[in-house]
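This report covers a chain-to-chain contact and a set of charged side-chain pairs. Please keep the sequence and the structure in view while reading.

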Protein chains: 2
Amino acid sequence: MSKPYVLGIDIGGTNTVFGIVDARGHVVASDSIKTRKHSNFDDYIDELHTEVIRLLKSNDVENEIQGIGIGAPNANYYTGEIQNAPNLPWGNGILPLAEKVSMAFNGTPVAVTNDANAAALGEMTYGAARGMKDFIMITLGTGVGSGIVVNGQLVYGHDGFAGELGHVVMKRNNGRVCGCGRTGCLEAYCSATGVARTAREFLEIRTDPSTLRNLEIENITSKDVYDAAVAGDKLAKEIFEYTGKILGEAFADMVAFSSPQAIVLFGGLAKSGDLLLRPLRESFEKSLFPIFRGKTKIILSELKESDAAVLGASALGWEAKFRVETPAVFSTPAPAAAPAPAAPAAPEAPEA
Amino acid sequence: MSKPYVLGIDIGGTNTVFGIVDARGHVVASDSIKTRKHSNFDDYIDELHTEVIRLLKSNDVENEIQGIGIGAPNANYYTGEIQNAPNLPWGNGILPLAEKVSMAFNGTPVAVTNDANAAALGEMTYGAARGMKDFIMITLGTGVGSGIVVNGQLVYGHDGFAGELGHVVMKRNNGRVCGCGRTGCLEAYCSATGVARTAREFLEIRTDPSTLRNLEIENITSKDVYDAAVAGDKLAKEIFEYTGKILGEAFADMVAFSSPQAIVLFGGLAKSGDLLLRPLRESFEKSLFPIFRGKTKIILSELKESDAAVLGASALGWEAKFRVETPAVFSTPAPAAAPAPAAPAAPEAPEA
């Protein structure tokens, strides 16, 4: 085979998924390893390399990989490093991800970015944002992530960390404590966990009946709220209205910044359909600065959820292939194999 | 003379200032006309052309102008038009500014943008943001304007109107009514008029003494508040603290978007010195998402206020010269002079 392929790797807190992707955005094959199996980063890279090679061989494309793209929490496009990612098992320091992976794969060009940026690239390359030069990707999962595209380019900012729209402040007084240590962040309201918090708040403050009262209040999830709302529960529906209203207000401020053609939603909560979208769109249009009204679409991702992370990362793999000269792409050849020792190895020096 | 020059034109609600600018950002000569003198747009363009030509001739550079940049309220970079500018005297419709000016100047390339974007270009080309690829320009005048630079390019958005950061919402409950018809906008608090409103609010609600109480409350300006604060008035100082706190919170959200190297302040209120800057920087650092802390500078414009508008527009003039092939640059040759009629013109057809 001589068709070109790239490798997309998505490093999550639990699983690392990797896939072989062709130029049309078709995931030819994919597999995964457990992210947390190795507490040593080099051991993790070794296993990743071994398992990727196995997948490449079994698909007969071992020598066809042109670039590698990686999405990972707190991964910095400019430096190729993971910087202080508390949800990964390799400590709170700096991990030279791109360099290590490129070295393992004999100098194949590698580019990295955070997961939400990778999702935006995937959507622009293969999904709902094809042909758009200005859009914002919002991932509504456990947290709220974002990837921003301006003039056809991802916005990385001067330090590589731009696009933390889950942490714009929506309540400046008595806001909810956020995982980031501040209060009132969008993420504290409009993520899956935010929806569950809203449910707990509503159930405590209010007295009207709800099927959600049959559940253990501490364990209520956004899925429970969704199921109850679908079944017609009034309080559950109001939780989605509350969520959509805040999200719409936040989106209106984002439009004042970059005036995107669309805001693309991805992630579990984005699948709530009109329960979320109707109040969201209503609040959004109402909140917009007048000249922006009626111009920016709120749409859903067109990528299959199981493929999206790998596709997003793979889009960066193509970028790595074609922009190997930029500082953000790392191409590090493996060191030459050490020559065989001419004499028996000296015994190890005793530890100092 | 054969040095290249560009023309920078700043169209304000009262005056239209224009200047001849050399490649080093030196305003060789400038002059102005009254924006409101002509209620007909074509008459205005005629006078502008006449006066510009007079300035060019008196400086012996009539044939050296390589490009024309124009900053104007609601001017759209993509279309070259002024769209619905309520503060200009030519009605609320669409004015083909770039096309008319290029035609008047025999096809010289023209590019237009709004005033705050022009200011950002000026700062990037000649001022405090030289060498920066990611920064945000905030103009604190009668209103709050903004120009955003990402990856070395101005952010225009899909419709040309991006960068309305004066209209992000800072108070979602009981916010002040803003000129845009919405409530709680940054501009309603942190512009010169916002500061005056804060003064009136404080004086009404509070009972502590202040030299501001000696003034007619309805006519208090931000300059009065500044003078009182400089003289040590406690209430006046607190007005600046209040303003700086809100501005710092707004800036922190902007950093979550584009992670700029700096936020550059321009305009009357920016000259309040530490009265504004100290509470602003304090609130900003405190409000930032942790990974952004200590990275983004808040700095003042380095352009002389009298030159800034013309310099900003002139920077766009260079862009017009060098990017004459892009859709945003208009180069419209004047129609050839009509040939002398060979026979008396036929009488006009009667109206249908």
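## Terms and model

Buried means under 20% relative accessible area, exposed means over 50%, and partly exposed lies in between (1.4 Å probe, protein chains only).

This is a predicted model, in which local features need pLDDT of at least 70, side-chain atom pairs count only at pLDDT 80 or more, and totals for chains, interfaces and linings use all residues. Residues are numbered from 1 along each chain as its sequence is written, chains are lettered from A and ligands numbered from 1 in the order in which they are written, and side-chain values use heavy atoms, with hydrogens and water left out.

## The contact between chains A and B

Contact here means heavy atoms within 4.5 Å. Chain A brings 42 residues to it, and chain B brings 42 residues. Buried area is the accessible area (1.4 Å probe) that two parts lose on being put together, summed over both. The two chains bury about 3600 Å² between them, with 56% of it on carbon and sulfur atoms. On the chain B side, B:His158, B:Arg172 and B:Phe257 lose the most area to chain A, together 23% of what that side buries.

A salt bridge is a side-chain nitrogen of Lys or Arg within 4 Å of a carboxyl oxygen of Asp or Glu. Six salt bridges run between chain B and chain A. A:Lys295 pairs with B:Asp159 in a salt bridge at 2.8 Å, N to O. A network of salt bridges links A:Arg172 with B:Lys245, B:Glu249 and B:Asp253.

## Salt bridges within helices

The whole structure holds 30 salt bridges over all chains. Helices are DSSP runs (H or I, at least four residues), numbered from the N terminus.

In chain A, A:Glu282 and A:Arg278 form a salt bridge, their closest N and O atoms 3.4 Å apart. Both lie in helix α8 (residues 274-287), four residues apart, so about one helical turn separates them. A:Glu282 is exposed at 53% relative accessibility. A:Arg278 is partly exposed at 41%.

A:Asp227 and A:Lys223 also meet in a salt bridge, at 3.0 Å, N to O. They sit four residues apart in helix α6 (residues 222-230) of chain A, about one turn of the helix. A:Asp227 is partly exposed, at 34% relative accessibility.

In chain B, B:Arg54 and B:Glu51 form a salt bridge at 2.9 Å, N to O. They are three residues apart in helix α1 (residues 41-58), about one helical turn. B:Glu51 counts as buried, at 17% relative accessibility.

Note on methods: Helix = DSSP H or I, 4+ residues; strand = E, 2+ residues; numbered from the N terminus.
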